[in-house]
Amino acid sequence: MNKPEALQLHAPVVGTSRPHESAHLHVSGAAPYTDDLPEPAGTLHAALGLSPLAHGRLTRVDVERIRQMPGVVAVLTAADIPAENNCGPLLHDDPILAADELRYVGQPVFAVIATQRELARRAAARAKEVIQAEPLPPVLTALDAHAQGQYVLPPMHLTRGEPAAQLAAAPHRLQGSWSLGGQEQFYLEGQISLAVPQEGGEGLLVHCSTQHPSEMQQLVAHALGWAAHRVTVQCRRMGGGFGGKESQSALFACVAAIAALKLKRPVKLRVDRDDDFLITGRRHGFDYRWDVGFDADGRVLAADIELVSNAGHSADLSAPVMARALCHFDNAYWLPHVAMHGFCAKTNTQSNTAFRGFGGPQGAIAIEMILDSIARRLALDPAEVRQRNFYAAGQDMTPYGQRVEELHAQPLTAQLLASSHYHERRAEIAAFNAASPVLKKGLAFTPVKFGISFNVVHLNQAGALVHVYTDGSVLVNHGGTEMGQGLNTKVAQVVAHELGLPFDAVRCSATDTSKVANTSATAASTGSDLNGKAAQDAARKIKARLATFAAERFGCAVELIVFEGGRVSGGGHSLAFNDLVAAAYLQRIQLWSDGFYATPGLHWDRARLQGHPFYYFAWGGAVCEALVDTLTGESRITRADLLHDVGSSLNPALDIGQIEGGFIQGLGWLTMEELVWHPVTGLLTTHAPSTYKIPTANDCPLEFHTELFSVANASDTVHRSKAVGEPPLLLGFAALLAIKDACAASGPEGCDPPLRAPATAEAVLDAIDAVRP
């Protein structure tokens, strides 16, 4: 039997840099996304009619006017949903189509099904003319909702020690409030689903751009009143997700499925960018109020903080987002006495959801702003104040009761401050600012400690299938989804390593709920940790069978069998892997296996907010330099030095890409991506690239240095690696604080500019004006 051409012999590739497995398709425009799939004969197209009111009582939808429009085949309302009218992931409080209450401008009220996408969109655009409703007063800001006690779920409280008594006894007090904007995911591929009825109308295949195929399967089944086994969801790849396709792809999958079932024809729903902005939620904006006690050296003695998130009109994932925010307020710091209070405000806006970091960034940035203000109050270097507050031996227990076992903050910081020449540059910047009346420079260092695992324990599980074919090639299917992050590449590397094969011998297929069932979302930075371990488990089972067979064939102990370089050797004998596999098949040895992994040691008390929610922590640090024009408020980051902990990297090239991409996304959130709602109508006015600005290549620092802090993970992860998806986003904190440092150069010594985020030109000028003599 001939060996496939792809099976060229070269060393296993775990721990070495390899391109993304689809990189050549990405750059050539040949990678098929959901919209690129061939449309089955008779495919219809859907569009959504959106609410023109932020709050109102729905009285009537004149569907007949829409049905008369060219190309329209059907118009669906809530009354046409066969079973449950819900696309919410947790509390079932988020209707697919509005039934009696209008909750925000942009809420889907009806769906138009037409012969062409453009005809469907034109008909849906008549929503304002056909929706009749009684207006009700809206609540548009989180602070207004908080003042009214209006929440999507009960408040959360986490306390350690005696914060009130320690605050009263503290030699220094800092009290303040701050506001932080949300962030649009702005995935390049928008929300899309294609629902295709299967034979006899007994099943439905849904092609969906989603991070959570199993949840899409369940919600579609619930909407149709079906058992889950009648719905199959597939996703080969997404053009980005960033959390926006974890729960909120459900609405589009459900509408396409309902229409396909009713009309017995394939239905595709692809929304344009404006509608995507208006319909879906994004990163939660937060408002903070804090009271902090500290000593003359800048050490935090006690803190009391209130965090108010803008949840939007429904719960969605706001509860775990707030829980993670509370569990990351400490960031890298020992807080002996602390009281945290989390409120998820219910507003008449889009229902906010997951976004890279999932509340962790919103929690951690608060302590960074606090420490920066403490340093300015005491006229100390902010980096020194941060180092004095780091977790250390004997001061290593988090407020939620988990011990910090890897104390990487000090060594990582020392390495980064030295490699970035932090102290020398601070002196140089002081001299520059003294001689420059208009342009001001700033410098900032911030650390990262980020907990890895879903903070809902049962989600920390994964499954995989590994098939070895008789020619020696290998196919892997796992429950994770590929959204450009390189998950399939890493999983293929892990399987190739286990079987001693070259990378090209292994291929990962599309995520499919009919292959691996009951999967968790590809989120919480757990994609490689969970699915890599599951695939490794499956590969090891096959390897064990083949090793036993080879030992019998070679006449040696099974412990002597080695899989390496595309060959299987032992006892002085050697055979090509594909030849051994072919022989094993003839002896009826199973050449495929399932694999499963559940993260060990996790437990969490949701009521008390205590336990061991994270398997381990990923660490990092950033030093950023900013240049600010004090006349226009324009700013840019001129240099960034990043040092990030990825454990023993599975693929350094992919990890560095994730680190740099996360940093830039964090920079965008904190410096330019501004969301603006009309204060009266509740319309999101920044609903397109013309008004909502994300970073481009021109916003990358002119000097950009990224290094890996390569220390093997103490926890038993796949090849002792660490997650890299979310933690690097927090490195962007240094960009915001560098801009703040530059603003402070316009004021007197020890001033504390009230810079809000995002630090747009207007925000920068406001901060400068507040401190300028």
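How many of the residues of strand S18 (residues 474-478) are buried? Keep that in mind as you go through these points.

1. Ground rules. This is a predicted model, where local features need pLDDT of at least 70, side-chain atom pairs count only at pLDDT 80 or more, and totals for chains, interfaces and linings use all residues. Numbering starts from 1 along each chain as its sequence is written, and side-chain values use heavy atoms, with hydrogens and water left out.

2. The whole chain. You'll find 20 helices and 29 strands here (DSSP runs numbered from the N terminus: helices are H or I with at least four residues, strands are E with at least two). The C-alpha atoms fill a box of roughly 85 × 75 × 45 Å along the principal axes.

3. Of the 773 residues, 62% count as buried (under 20% relative accessible area; exposed is over 50% and partly exposed is in between, with a 1.4 Å probe and protein chains only). The accessible surface comes to about 27,700 Å², and 53% of that belongs to carbon and sulfur atoms (Shrake-Rupley method, 1.4 Å probe; for residues, only the protein chains shown count as cover).

4. Back to S18. Five of its five residues are buried, so the strand is mostly covered. Val474, Val476 and His478 point one way, while Leu475 and Asn477 point the other way.

5. The partners of S18. Strand S17 (residues 461-468) pairs with S18 in the antiparallel sense over five bridges (strands pair if DSSP finds at least two bridges between them). His467 stands opposite Leu475 there. Look at the hairpin too: five residues sit between S17 and S18, and Gly472 takes a positive phi near 90°. With strand S19 (residues 506-508), S18 pairs in the parallel sense over three bridges, and Val476 has Cys508 as its bridge partner. The chain gets from S18 to S19 through helix H15 (residues 487-499), in a right-handed β-α-β crossover (with the strands pointing away from the viewer, the path from the first strand over the helix to the second runs clockwise).

6. A five-stranded sheet. This open sheet has the order S7-S15-S14-S13-S8, with mixed pairing. S7 (156-160) and S8 (172-180) are at the edges with a single partner strand each, so one side of each lacks a neighbour in the sheet. Strands S13 (residues 286-294) and S14 (residues 300-312) run antiparallel and are joined by nine bridges, with Asp291 opposite Asp304. Helix H10 (residues 318-327) lies across S7, S13, S14 and S15 (338-346), at about 155° to S15 (axes are lines fitted to C-alpha atoms, for helices over the stretch in contact, and angles run from 0 to 180 degrees between N-to-C directions).

7. A three-stranded sheet. Here the order is S21-S22-S23, open and antiparallel. S21 (562-564) and S23 (573-576) are the edge strands. Glu564 stands opposite Arg567 in S22.

8. A loop residue. Ser746 lies between helix H19 (733-744) and helix H20 (761-771). Is Ser746 buried or exposed? With a relative accessible area of 15%, Ser746 is buried. Leaving aside neighbours within four places in sequence, its contacts (heavy atoms within 4.5 Å) include Lys440, Thr630 and Pro773.
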